[in-house]
Amino acid sequence: MPEKNRVMRVLKKDDLGAIVAIDEIGAKRSRHDYYERKFETILNSAHNINSSIVCEVDGRIVGFVMGDVYFGEFGVPETSATIDTIGVHPEFQNHGIANEMLDQFMMNMKAAGVKKVYTLVNWDDFALEKFFSRQKFTPSKRVNLEYQLP
């Protein structure tokens with residue numbers, strides 16, 4: 001796949017359908033409502049800066065990274081960011097697109113003054129853990145706590 005056909009850009013409102021379709025392949029169900037809520041938050045300039053990106057190949061959206069920038073939330077005084085959703089269409093996987101999107105995301109975060117980027121991975125999602133490990137993510141010193149409601 002030639003490099004010149006790839007375009008990394010900031011997520012736009014019109015990208016919703018393509019992102020839902022890519023996610024649906026992996027999730028085996030539509031999460032349209034989830035993404036609709038995410039888009040409302042991401043694209044609300046009063047909320048934050050739009051840090052989410054998509055990758056286009058020949059004008060077709062083939063991947064996305066969605067995240068947020070935090071300016072002191074959770075009692076953490078430093079500017080940090082999270083990656084909460086990442087996806088690449090199966091036809092375009094194993095061509096370096098996820099790596100390239102993550103590189104672009106990190107470059108954008110550095111420009112925004114972010115010092116640390118966090119993400120969560122299910123303990124048994126070995127493929128995703130391996131991907132983030134190759135990208136130099138390491139276990140955080142923070143502990144993710146959960147409470148199961150009865």
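## Confidence

The model is predicted. Its protein chain averages a pLDDT of 87. A score of at least 70 is reached by 93% of the residues. Where pLDDT is low, the predicted coordinates should not be read in detail.

Strand 1 and strand 2 run antiparallel and are joined by five bridges. Here Arg6 stands opposite Val57 of strand 2. Strand 2 also pairs with strand 3 in the antiparallel sense, over five bridges. Two opposite pairs can be picked out there. Val54 faces Phe64 in strand 3, and Val57 faces Arg60 in strand 3.

## Strand 2

How many of the five residues of strand 2 are buried? Five of the five are, so strand 2 is largely enclosed by the rest of the structure. In a regular strand the side chains alternate between the two faces of the sheet. In strand 2, Ile53, Cys55 and Val57 point one way. Val54 and Glu56 point the other way.

## Two residues with positive phi

Strand 2 and strand 3 form a hairpin with two residues between them. Asp58 lies in the loop between these strands. Its phi is near 50 degrees, a positive value in a residue other than glycine. Asp58 counts as exposed because its relative accessibility is 60%, and exposed means over 50%.

Asn94 lies in another loop, between strand 4 and helix 3. Asn94 is not a glycine either, yet its phi is positive, at about 65 degrees. With 79% relative accessibility, Asn94 counts as exposed.

## Helices on the sheet

Which residues of helix 2 (residues 32–42) are buried? They are Tyr35, Lys38, Phe39 and Ile42. Seen down the helix axis, these buried residues fall within an arc of 100 degrees, so they line one face of helix 2. An α-helix has 3.6 residues a turn, so residues three or four places apart point the same way. The cover over the buried residues of helix 2 includes helix 1, strand 3 and strand 4. Asp33, Arg37 and Glu40 are exposed on the other side of helix 2.

Lys12 is found in the loop between strand 1 (6–10) and helix 1 (16–27). Lys12 touches Phe39 and Leu43, not counting residues up to four places away in sequence. Lys12 and Phe39 are 27 residues apart in sequence, and their C-alpha atoms are 8.5 Å apart in space. Lys12 is partly exposed, with a relative accessible area of 45%.

## Nonpolar cores

In soluble globular proteins, nonpolar side chains tend to be buried together. The largest nonpolar core here has 22 residues. Which of them touch the most other members? They are Cys55, Ile83, Ile97, Met101, Phe105, Met109 and Val117. Strand 2 (53–57), strand 3 (60–71), strand 4 (79–88), helix 3 (97–111) and helix 4 (126–134) each give two or more residues to this core. Helix 3 gives the most, with six residues.

Phe105 shows where such contacts lead. Leaving out residues up to four places away in sequence, Phe105 touches Ser51, Ile53, Val65, Gly67, Thr82, Ile83 and Val117. Another core, of twelve residues, lies apart from the largest one. Leu11, Ile19, Tyr35 and Val54 are among the members of this other core. Tyr35 is also one of the buried residues of helix 2.

Key:
Residues numbered from 1 in each chain as written. Predicted model: local features only at pLDDT ≥ 70, side-chain atom pairs only at ≥ 80, totals over all residues. Heavy atoms only, no water. Core = buried A, V, L, I, M, F, W, Y, C linked by side-chain atoms within 4.5 Å. Buried < 20%, exposed > 50% of the residue type's maximum accessible area, 1.4 Å probe, protein only. Helix = DSSP H or I, 4+ residues; strand = E, 2+ residues; numbered from the N terminus. Contact = heavy atoms within 4.5 Å. pLDDT = per-residue confidence, 0-100. Arc of directions from axis to C-beta. Pairing = 2+ DSSP bridges.
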